[in-house]
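Please read the points below alongside the sequence and the coordinates.

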Amino acid sequence: MVQDEAVKNVSFQSDRTRRTILLSYWIVVLLAIPLWWSTTSIARLRLPEERVSNLHSRKLKFPLRATLEGGLTESVARDVEEALRRRVHELRLDGSFSVDIRSSSEGAYEVSLNADAKETHVEGRKLILGAKSLSSEDMRDIISNSLSSLWLDGFGPDQQIVQFSPRYRLAFSLMNEDTAAGGSPLGWGVQTMINREITPVLQRLSALHNFTIESQVQFFAPLAFEPVKLKDGSFGLTEEQLSVFVNSAEWTLSSSVSNDPVLHFVIFVPSANRRPLRILDADSSPTKSSAFVIPQWGSIFIYNPPQSTESHLTLSALRPAFTVFRKQLLTLLGVPSLPPGVKTSEALSDWALNALLRRRAYENAEGSKDTLSSIVSLVHQIEGMPVDKDVTEDVREALDALDKMYNIVRDSPQLALQYSARAFSRASRAFFNPGMLALLYFPPEHNLAVYTPLLAPVAVPLVAAVLREVARWRKSRR
Amino acid sequence: MLPQGLWALSLSCLASHCLAAGNLENFDELLTVRPLRDGHVTTRFLFSITQAGATPRVPDAILEEDEHRRCIAQHYSLFPLSLGQILREYAVTEVHLSLNAGKWDYGSWGMPEDLAVAGGAELWAWMGDSDRVGVDERWKGLRNALSGLFCASIGEMNEMRTTSPTYAFRPEGQLPLLFSNQTVTYQLRHASLPSEHVCTENLTPFLKLLPCKSLAGIASLLNPHRLFDADWHGMSIHVTWDELEGVKLQLSVQAVFDPVRSSTQQKRDFSFQSLFDRSISTACSVASNSKVEVALPQGVGYAITPEPLAFRDQIAVYDTSELVSEPLDISVRYPAEGSFSYPLELSSPLTDFEISRTFTGTTQSSGKLTVSIQNNRADDLQILYVETMPWLVTFYLHTLDLRVDGQKRDELMTRLKYAPPEAHGRPTLLEVELTIPASSILQVSMEVIRSFLRYTEHPPDASRGWDMPPAVFVVRNGNDSMTYGERVYTRPVLVDVATPDFSMPYNVIIMSSTLIALIFGSIFNLLTRRFVAIKVGDGNAANGDENELRNEFG
């Protein structure tokens, strides 16, 4: 008993010391947990979520202001304005347009009458109505209809139109199905035709896009299917065949140097023993058309050379193809066409160009809004997703660009488009930031599993010692 | 709207660019067939496309176009657009790419028609220097673009494999020195990747660059099943520029077949059908010259069908631009000869010199590089020896040893240029000029050390070792001139590097965790253990209080 007492009196043998040691161990462990947490946690910077959610209440409002001139009274203006408002409402675009028609004062657009002419045409930002033998009632209808189609036509989603990009590549290709069969053109005056038909349009569009032009000739471009043989000895392409017409495995159309979207314009010359090749309609009867458009991809023109072919495609042979290419280029880029009956001498009217600006700005703005809210919801959804400085900066820049766009849209649709394009590119860059994927494949459970050989042997004595101390303490109290 | 000035600028640029006259393009094709004395047959397909009047791009123009938002137009008819885009994008003046499999046997096959026979992939390019768009940045872009175009791992030819040898890779065309009143200097970038294996996936994109693909003309003989069965096969691309000719693209496919191996009667007769399983049935109508040349066997009786168009210096020439009646299937037969027996000893080698390069050494950390060069000529030979090694092999330059017949002959080395390696970076480059005495063998040896690599630096299948690029030998023309002749490549060598156990990181974690847990456990135990006194040795112990014997170990 004496010896037991002696042992008890040794300082490190006291219950107090032992419990302090145990406690300090636990304090170190507990203090280390936040440190461990902060050093191993994924960096998730805060996204400006409020600003993103506020975006939904903001709408792009394009002003449509026109002045009526040449004897058109205030009452006509009011009626036209009323008719246009109704039209905007019907299209569910109330938030996006404000219509303002006056008979005096400065407006962005002008409408005037030409009492001596019958034809309506546009000139710059002027719509000149041929008002010969028109009653004033008809006039109101004609004005409001023309304005509504000039301003509002083609606004909204369209599957054919390519996504906006500041730079496009236009690839012109002359595809000979089989040169070995003879009678195939080996060269073409592509540069002259591009200068005549395409360049004027591109110059008008340079406010929106830059273009890179390239052309190539291919001498063997086989089809992946057999065209249908028709009774009169000619050959036909059915609707299903048109959808698989482009043989991407054999036609070298792709490029490895740039990421700009490409619009393809292909003149396809069928093999000499498959001529003439025609496009068939749903009833399998040949149509007059020899060209078709592939949405968001480009356009194909089927050229059946006459019997006596030269080895060089002449300009007169190319003209129909390039006229089609010009029209389809405009379609693919989303340029609205003029309403029927309205003529213009320009390659691309100011009305159409401005409508395109509005359309692209609207698309980009909606696209960036969607992308930004997707980023926010994605980050909410996946907790292991890191959000670093690049992402938050891109999101902030996109938001700033959108703010600037909303502020400037009344004064300059041109600048609004540029801001919207910047917002869209920043938002997409943030969305596709590779850093956000980094840790998805290396979850914290994995980390824990690797370190189990350390954590388990350490934890067991710590816990056991606590349990034992508790048991002893309860025993001593009894 | 844009300011008026910018409008006018873009308009004028658009007009000037797009109005530029189309370059005259020309396409020639040539197939050379050469029966060899050891029964093999070499075939070489050469497709040349020239763009008369075209000039390579000024490097500075890459940025200018972006700055001024110019309209860029490129028009091609015969020249492949996909390659043209790459050359233009990275402003490359001259580029040579080859993808080969096998070892070219210079001694029994002679010099190849296309000199680029290095094993694996080899790429070298001359590019104009520019302060604004660096050569290295464009070299990287070029590698990646060609990698994508040819489905090859050329992109891996990174800084660890890139060198700029001084004399061995001179431009084969000309380099335009003055671009619109602006002098341009040029830089060379060279890299090789001996472990690259050429196969069908490289041939398919290659054939797509040809105007007639593999559907007409001599290219219709290119049957991948037969081509990749050949004893040696390879393809190459050469883009050069010449003031008179313009930009010239040469696409070439070379293969060495062994007709004896595939013949049931062990005969060395061959024909297009037996070599390629195809014959030329349609002509490529866009080719301005389309020829087949067959070198005639010498010293043996032979028969060649069909009748050639012309004979020229022991070469039968066929024109394939007009195929009228039947497909062209040239066949060479040796009617007097029975089964062919491979010559056991070659009478005389076909080249002036022969090289063998070996890597010896029993440990994984050091070794010896030995090169022996045999001069077959009756007079001295001046040779430039270029050795490139990734940084993991470092030369001990002071052990460089030159011997002829066992005698030390250090005076045979006349010029030496050495760029030491940079650990985990730049490779070693050694350029030595050697004189090989007439009809003798020069042995060059050097000790090397092999570095210990980082865990992540090992390639997949690390135990196989590293393929080291082939050495290059160039004969100097004459004593005083600084011009060099044809390049000769050695075979790549395989270097064994110490490899770790690749499950190592996890083992290390477990090991150190166990240690820490052990130390922790014992210290913790010591600190929290209760010590209790026990009475021992006393007689009372047998019937003593049981409580006192309580042991309260942890």
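**Helix packing between the chains**

Helices α13(A) and α10(B) cross in the right-handed sense; a crossing is right-handed if the near helix is turned clockwise from the far one by less than a right angle, and left-handed if anticlockwise. This is a predicted model, in which local features need pLDDT of at least 70, side-chain atom pairs count only at pLDDT 80 or more, and totals for chains, interfaces and linings use all residues. Residues are numbered from 1 along each chain as its sequence is written, chains are lettered from A and ligands numbered from 1 in the order in which they are written, and side-chain values use heavy atoms, with hydrogens and water left out.

- The axes of α13 (residues 452-477) of chain A and α10 (residues 504-528) of chain B come within 7 Å and cross at roughly 15 degrees. Axes are lines fitted to C-alpha atoms, for helices over the stretch in contact, and angles run from 0 to 180 degrees between N-to-C directions.
- α13(A) is therefore roughly parallel to α10(B). Angles under 35 degrees count as roughly parallel, over 145 as roughly antiparallel, 65 to 115 as roughly perpendicular and the rest as oblique.
- From α13(A), the residues P453(A), L454(A), P457(A), V458(A), P461(A), L462(A), A465(A) and R468(A) meet I510(B), S513(B), I516(B), A517(B), F520(B), F524(B) and T528(B) of α10(B). Contact means heavy atoms within 4.5 Å.

**Chain B overall**

- Chain B contains ten helices and 29 strands. Helices (H or I, at least four residues) and strands (E, at least two) are DSSP runs, numbered from the N terminus.
- Of its 554 residues, 51% count as buried. Buried means under 20% relative accessible area, exposed over 50%, and partly exposed in between (1.4 Å probe, protein chains only).
- Among the contacts in chain B between residues at least 6 apart in sequence, 74% join residues at least 24 apart.

**The five-stranded sheet of chain B**

- An open sheet of five strands has the order β23-β24-β20-β27-β28 in chain B, with antiparallel pairing. Two strands pair if DSSP finds at least two bridges between them.
- β23 (413-419) and β28 (484-489) of chain B are the edge strands, each with a single partner strand, so one side of each has no neighbour in the sheet.
- On average, neighbouring strands of this sheet are turned by 20 degrees against each other, direction ignored.
- β24 (residues 428-436) of chain B is mostly covered, with nine of its nine residues buried. One side carries T428(B), L430(B), V432(B), L434(B) and I436(B), and the other L429(B), E431(B), E433(B) and T435(B).
- β24(B) pairs in the antiparallel sense with β20 (residues 381-389) of chain B over nine bridges, and with β23(B) over six bridges.
- L434(B) of β24(B) stands opposite I383(B) and also opposite M413(B).
- β27 (residues 472-476) of chain B and β28(B) form an antiparallel pair over four bridges, in which V472(B) stands opposite Y489(B).

**A helix pair within chain B**

- Helices α3 (residues 81-89) and α5 (residues 135-150) of chain B pack at an angle of about 170 degrees, with their axes 10 Å apart. α3(B) is therefore roughly antiparallel to α5(B).
- This contact involves S82(B), L83(B) and I86(B) of α3(B) and L142(B), A145(B), L146(B) and L149(B) of α5(B).
- Eight of the nine residues of α3(B) are buried, including L81(B), G84(B) and R88(B).
- A91(B), which follows α3(B), has a positive phi near 45 degrees.

**Nonpolar cores**

- Among the 182 residues of the largest nonpolar core, F172(A), L205(A) and F322(A) touch the most other members. Such a core is a set of buried Ala, Val, Leu, Ile, Met, Phe, Trp, Tyr and Cys residues joined through side-chain atoms within 4.5 Å.
- Helix α9 (residues 350-381) of chain A gives the most to this core, with eleven residues.
- Not counting residues up to four places away in sequence, F322(A) touches several residues, including F172(A), W188(A) and I267(A).
- Another core, of 58 residues, lies apart from it and includes L430(B), V474(B), V475(B) and V495(B).
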